[in-house]
Amino acid sequence: MIICGHQIEHGEKKRIAIAVPDANPIEAFLFCGAKEGRTLAITAGVHGCEYVGIETAHRLSESLDPALMRGNVILLPLVNAGGFLAGAKQVVPEDGANLNRVFPGEINGTLSRRMSYLIEHTVFPYADFLIDLHGGDCNESLFPLVFHPGAGSPAVNACALEAARSLSVRYLVRSTSKNGLYSWAVQRGVPALLIERGSGGSWSEEEVARCTEDVMRIMSHLDIIDGDYPPVEQVEISLTTYLEAEFGGFWYPEVTAGQHVRKGDLLGTLRAYPNRQLLRLYAQSDGVVLYYTTALGVRTGDPLVAYGIQ
Ligand SMILES: [Zn+2]
């Protein structure tokens, strides 16, 4: 059969390179299952400092066994290798753009836009489902969660939400994003999820094990592999409030990820730089802190706290 434009036989694994004009190619692995079935695309490292997903995908590139699969896997374990190697948070260092904000791309655009164009045209046509592995960045702390899309058709959104319920992450957050890898995938008809685990520029064996389990849960949900994963109690977030810095300066958070807050609780204090103007941020409703910025220094527009209402 043909996957991503490459001939591949049942039971076979192939390492391929997605050529990017005037740049290094994107590495990908194709796993063609021994039997027919659905095709799952897995991407990691769109943001180069979100290490749990990157290390998980790196290991999966060696451990996934097509002989045990009904269906196929397309794995892009390190999409933004330049950002990973440079330790550049959130951006593709060559053009300074956030790759998860430039979909759909264009073949003659900046590097990020060329990459997004090629991912869409090489991977999306072959995928029945897509998961994009992320985490909090090196300046953030985050409680494990999954973003499920609102940008697709009702059927595609529902398919993604049903799969999200098979995961082990506690919080299910409906996304309003439209220009990210997974949110563009759903607009192209591919049900997709963005899974967030780990943060703070670190990773652990336990987090990689949990992330790997979530990938296996999705593969089991899609019937690509056998698996018996008991459901985990989850919370569906109906509304998320994203607070951003009104000005640059010093940021003093007063919450931790996963903490429940009540309306009126102090979330943190922003002190402007170079003047000393103070802004105290209070919760406008009861909710749970999904992630927050740990960095002391923030720019205007940087995210500070995201909290969700159940
Ligand atoms: Zn990310």
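A crossover between two strands is right-handed if, with the strands pointing away from the viewer, the path from the first strand over the helix to the second runs clockwise. In this predicted model, strand S9, helix H4 (residues 154-164) and strand S10 make a β-α-β unit of that right-handed kind. The chain that holds this unit is divided into domain 1, covering 2-235, and domain 2, covering 238-309.

**Strand S9 and its neighbours**

- Strand S9 spans residues 145-148, with Leu-145 and Phe-147 pointing one way and Val-146 and His-148 pointing the other way, and all of these residues are buried.
- Strand S10 (residues 171-174) runs parallel to S9 and is joined to it by four bridges, and within S10 the bridge partner of Leu-145 is Tyr-171.
- Strand S11 (residues 192-196) runs antiparallel to S9 and is joined to it by three bridges, and here the bridge partner of Leu-145 is Glu-196.
- As background, strands of a sheet pair through backbone hydrogen bonds, in either a parallel or an antiparallel arrangement.

- The centres of domain 1 and domain 2, taken over C-alpha atoms, are separated by 29 Å, and the contact takes eleven residues from domain 1 and eleven residues from domain 2.
- On the side of domain 1 that touches domain 2, strand S8 (140-142) and S10 each supply at least two residues, and the largest share, three residues, comes from S8.
- The residues on this side of domain 1 divide into five nonpolar, five polar and one charged.

**The largest nonpolar core**

- The largest nonpolar core has 93 residues, and those with the most contacts inside it are Ile-42, Ile-74, Val-146, Ala-192, Leu-193 and Leu-290.
- This core draws at least three residues from each of domain 1 and domain 2.
- Leaving aside residues up to four places away in sequence, Ala-192 touches Phe-129, Leu-130, Ile-131, Asp-132, Pro-149, Ala-160, Tyr-182, Ala-185 and Val-186.

**A four-stranded open sheet**

- An open sheet of four strands has the order S17-S16-S14-S19, and its pairing is antiparallel.
- The edge strands of this sheet are S17 (278-282) and S19 (297-298), each of which pairs on one side only.
- Strand S14 (residues 249-253) and S19 run antiparallel and are joined by two bridges, and the bridge partner of Phe-250 in S19 is Gly-297.

Terms used
Residues numbered from 1 in each chain as written. Predicted model: local features only at pLDDT ≥ 70, side-chain atom pairs only at ≥ 80, totals over all residues. Buried ≥ 20, exposed ≤ 12 C-beta atoms within 10 Å, placed from the backbone. Pairing = 2+ DSSP bridges. Domains from an automatic or database assignment. Contact = placed C-beta atoms within 7 Å. Nonpolar A, V, L, I, M, F, W, Y, C, P; charged D, E, K, R; others polar. Core = buried A, V, L, I, M, F, W, Y, C linked by C-beta atoms within 7 Å.
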